[in-house]
Amino acid sequence: MSKVLIVNSGSSTFKWKLFNLQDEKCIAEGMVDRLGKEDSVFKIKFDGKKLSENKYVPTHESAVTKTLHTLLKIKAIKSYDEITRVGHRVVAGGTIFKDSVVVDSKVIKQISELSELAPLHNPSQVAGIEAFEKLLPDAIQVAAFDTSFHQTLKPANYLYGVPYEYYEKYGVRKFGAQGISHRYVSTQAAEFLGKPIDKLRIISCHLGSGASIDAIENGKSIDTSMGFTPESGLMMSSRAGDIDPSLVTYLMRKLNITNADDMTDILNNESGLLGISGISPDLRDLMAVKDENPRAKLAVDMYINRIVKYIGSYISLMDGVDAIIFTAGTGENNPDIRSMIMEHFRYMGIKLDDDTNRNSKGTRKISSEDSQSDVLVIPTNEELMILRDVVRLTGNEDVHNDKYQETVSTF
């Protein structure tokens, strides 16, 4: 049976899941943590067991080699030939990639050229693609982009109020991110509600360490909180989110910072929940002490405040909302945060059922029966979304090199 490997090649991590092509069953999953460091850790879950090994993994190619060798060793595959396709998550697709795409040399070059939009991500993802090209030369590779779903935004929503020539010359605009997740949960919401997605107004709240909110009307993203980069929008674990741009130059003068990258590092890694609380970037830690620690409470209050403002603005943008979705780590697993957010929309007749909000699991409706809009919790599954894109673009039958050439020629 053909198998598909879905990969997320990061700058310091290499994550993967192995699926059966025909039935979408996840056979094994794993990762390399601290890639390129002496204390690299290789982890794998297979057949109900978890294995972990401390071993130096210097490059993406060595991570791929280690992964493939281990899959053979544990008999998740009988030979490398069983892996007929590899799907890659790619952060930045710019305006070039409006959909997932079968990878060829031109696509690799384009992803590489888009690295200035995601300098910590795209180069690593190219390295992963090239490693598989070398080690699994007969496998078809597909790239799925975090930005593609947001290519349906209209100019009024994706342009910034700076001279228009900057957009023309430098491509300055909102790209958004986390689109694979927003696309997955919105399609799952339509299926769960038994309604056509092209008749729904959905607000998707992906609340994890990185967080964004997406307004989805008739199945299309019409606005999203992340902007030119994933650093804008909501206040996140260690990211500031939306700020006055003049604050950047002001702080650089006060802190005697001359390198803009150093200021960007502060906004990305020392701000958000961590920066406000002074305790932790983890919302769970702050919720545990917020009643005794004023700064922890302030961080939580600010986090909720930003989310509420984006949800409210998107309800206005779409002239209402049919469903609000919570997904990702915090969105899926923190009923208190969901309750604190949705309390602000009781005036609209949107109400939670406290019991289902706190005690149910999996995909579920947590709004009350008399709520004016549905509120859902839907576990995200970006790997499964990428797998389905792989199947959509390449078919679900066994393929060989001649089929690969035929598929590439259609793009």
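I counted a salt bridge wherever a side-chain nitrogen of Lys or Arg lies within 4 Å of a carboxyl oxygen of Asp or Glu. The model is predicted, so I kept in mind that local features need pLDDT of at least 70 and side-chain atom pairs pLDDT 80 or more, while totals for chains, interfaces and linings use all residues. Residues are numbered from 1 along each chain as its sequence is written, and side-chain values use heavy atoms, with hydrogens and water left out.

**Entry 1: salt bridges**

My count by this rule came to 23 salt bridges. I began with K3 and E82, whose side chains meet at 2.6 Å, N to O. K3 sits in strand β1 and E82 in the loop between α1 (60–73) and β6 (83–90), so this pair ties together parts 79 residues apart in sequence.

Next I checked burial, taking buried as under 20% relative accessible area, exposed as over 50% and partly exposed as in between (1.4 Å probe, protein chains only). K3 is buried at 8%, and E82 is buried at 15%.

**Entry 2: helix α15**

I then looked at R388, which forms a salt bridge with E24 (2.9 Å, N to O). R388 is in helix α15 and E24 in the loop between β2 (13–20) and β3 (26–33), so the pair ties together parts 364 residues apart in sequence.

D389 pairs with R183 at 2.5 Å, N to O. That bridge links helix α15 to helix α6 (residues 179–193), with the partners 206 residues apart. D389 is buried, at 2% relative accessible area. I also noted that shared partners join D99, R183, D389 and R392 into one salt-bridge network.

**Entry 3: the annotated site**

UniProt, in an unreviewed entry, lists N8 and E382 under "binding site". The two are spread over 375 residues of sequence, yet they cluster in space, with a largest C-alpha distance of 10.1 Å. I reminded myself that such annotations may be inferred rather than shown by experiment; the positions follow the numbering used here, and feature names are shortened.

N8 lies in strand β1 (residues 3–9) and is partly exposed at 22%. E382 lies in helix α15 (residues 382–394) and counts as buried at 14%.

Which residues does E382 touch, leaving aside neighbours within four places in sequence? I found R89, I180, S181 and H206 in contact with E382, contact meaning heavy atoms within 4.5 Å. On the same terms, the contacts of N8 include R89 and Q125.

Notes:
Helix = DSSP H or I, 4+ residues; strand = E, 2+ residues; numbered from the N terminus.
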